[in-house]
Protein chains: 2
Amino acid sequence: MDDWIKDGPEIYRRSFATIRAEADLSRFPEDVSRVVVRMIHACGMTDLPQDVGFHPDVARAGSAALRDGAPILCDANMVASGVTRKRLPRDNDVRCLLADPRTPVLAAEQGTTRSAAAVDLWVDDLAGAVVAVGNAPTALFRLLELIDLGAPRPAAIIGIPVGFIGAAESKQALAEHPAGIPYLVVHGRRGGSAMTAAALNALASEQE
Amino acid sequence: MDDWIKDGPEIYRRSFATIRAEADLSRFPEDVSRVVVRMIHACGMTDLPQDVGFHPDVARAGSAALRDGAPILCDANMVASGVTRKRLPRDNDVRCLLADPRTPVLAAEQGTTRSAAAVDLWVDDLAGAVVAVGNAPTALFRLLELIDLGAPRPAAIIGIPVGFIGAAESKQALAEHPAGIPYLVVHGRRGGSAMTAAALNALASEQE
């Protein structure tokens with residue numbers, strides 16, 4: 001234990017080198033590959049790429065939106081908390097409306113989860129936004145439903161909810177959605193706020 | 001997509017039932033098993049139990065400390081953000097000192113990471129606390145070093161840092177530490193703030 005590495009930048013360098021040596025990133029364009037590397041860094045699993053699905057424009061569109069000052073709309077406070085503010089190009093607003101007083105009222109009215117109800121409160125800011133769903137499948141299902149109903153198009157959707165009930169299905173629905181909005185998913189049950197925040201942090205800045 | 005489940009409690013019930021049907025929890029005592037179930041819920045991986053290491057008193061000691069009002073000392077804001085405040089028995093203080101103004105000063109002085117330096121600021125509150133390291137191996141290494149130097153004993157250490165450089169080694173060091181403090185780890189590279197917060201949420205309340 002005496003020889004643990006204390007040099008933060010060196011830990012980052014060695015971590016990213018290990019990831020690039022072990023993970024098969026061959027099917028990703030360079031800009032998406034950078035995002036996947038950070039996602040692997042956040043979860044410790046080099047087999048993650050096999051489950052990553054993406055629209056080829058997702059990194060370009062997400063990064064451009066952030067450079068234009070787009071807000072980041074998150075389904076969970078942990079996702080918002082994981083966004084490294086100093087990487088953001090325009091001090092972008094990072095928003096999670098789970099604790100908004102309107103959310104439980106809407107959830108009760110609609111007979112749905114608070115996570116899904118909070119998405120209804122995004123609608124006025126959805127045009128050109130970067131959406132980050134890292135926890136609740138119901139938030140992603142509701143977002144797609146609102147888009148079907150005519151809600152504005154976000155610039156990109158990072159859809160990486162985790163879990164056993166609805167997670168895989170919600171990510172499949174995003175990947176197959178006819179609106180063709182640039183997306184990034186981790187198919188299956190894996191996902192979560194750390195991977196999702198890591199993807200946002202990769203889109204926000206090219207710095208490793 | 002039309003038939004997604006909107007009933008939050010029903011999603012929880014089905015999720016936990018799936019986990020208990022698929023995961024091999026046979027080697028855990030009942031109180032640790034409840035913690036592992038919530039950790040699986042947070043990451044979507046039913047093979048997690050194979051990597052879980054624990055001291056047999058960890059759930060009992062961690063829960064008792066929280067009922068006594070112990071603070072929760074976290075290495076990362078995402079961990080703190082993931083603790084469900086309404087589950088805490090005594091409105092326990094949930095603390096992360098990464099953003100404390102003393103942290104970068106200490107880190108520069110000691111030539112270490114901010115995550116490790118922030119642990120030095122825990123010392124006055126460490127006696128009987130519940131420690132939750134969900135991100136940085138350097139925080140866990142530093143904690144063990146301080147305990148070797150005579151720092152007070154926490155009631156329990158949830159040590160689940162993630163990643164490629166030092167994560168596995170730091171968790172091994174915790175599991176083998178001669179002080180014998182009750183601990184919970186996920187051996188290897190896997191880990192992270194979501195699993196760590198889930199473990200805390202399980203210790204905080206028996207409610208599923």
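Predicted model: local features only at pLDDT ≥ 70, side-chain atom pairs only at ≥ 80, totals over all residues.
## Interface of chain B and chain A

The two chains meet through 42 residues of chain B and 42 residues of chain A. Between them, chain B and chain A bury about 3400 Å², and 71% of this area lies on carbon and sulfur atoms.

Ten residue pairs are in polar contact between chain B and chain A, counting residues at pLDDT 80 or more. On the chain B side, α1 (8-22), α2, α4 (77-82), α7 (137-148) and α9 each contribute at least two residues to the part that touches chain A. The most comes from α1(B), with seven residues. This side of chain B is made up of 18 nonpolar, 16 polar and eight charged residues.

Two salt bridges cross the interface. One of them joins B:Glu22 to A:Arg189, with the closest N and O atoms 2.8 Å apart.

## Largest cavity

There are two cavities of 30 Å³ or more in the structure. The largest has a volume of about 160 Å³. It is lined by 16 residues, of which A:Cys43, A:Gly191, B:Cys43, B:Gly191 and B:Met195 are the closest to its centre.

Both chains take part in this lining: α2 (30-43) and α9 (193-204) of chain A, and α2 (30-43) and α9 (193-204) of chain B, each supply at least two residues. The largest share, three residues, is from α9(B). By class, the lining has ten nonpolar residues, five polar and one charged.

## Second largest cavity

The second largest cavity has a volume of about 30 Å³. Its lining consists of B:Leu144, B:Ile157, B:Leu174, B:His177, B:Gly180 and B:Ile181. Four of these residues are nonpolar and two polar, with no charged residues.

Terms used: Residues numbered from 1 in each chain as written. Chains lettered and ligands numbered in written order. Heavy atoms only, no water. 1 Å grid on protein atoms, 1.4 Å probe; cavity = no way out; pocket = protein on both sides within 12 Å on 5 of 7 lines; lining within 4 Å. Points joined across faces, edges and corners; volume = space filled by probe spheres on them. Helix = DSSP H or I, 4+ residues; strand = E, 2+ residues; numbered from the N terminus. Nonpolar A, V, L, I, M, F, W, Y, C, P; charged D, E, K, R; others polar. Contact = heavy atoms within 4.5 Å. Buried area = accessible area lost by both parts, 1.4 Å probe. Salt bridge = Lys/Arg side-chain N within 4 Å of Asp/Glu carboxyl O. Polar contact = N/O pair within 3.5 Å; in protein donor to acceptor, adjacent residues only side chain to side chain.
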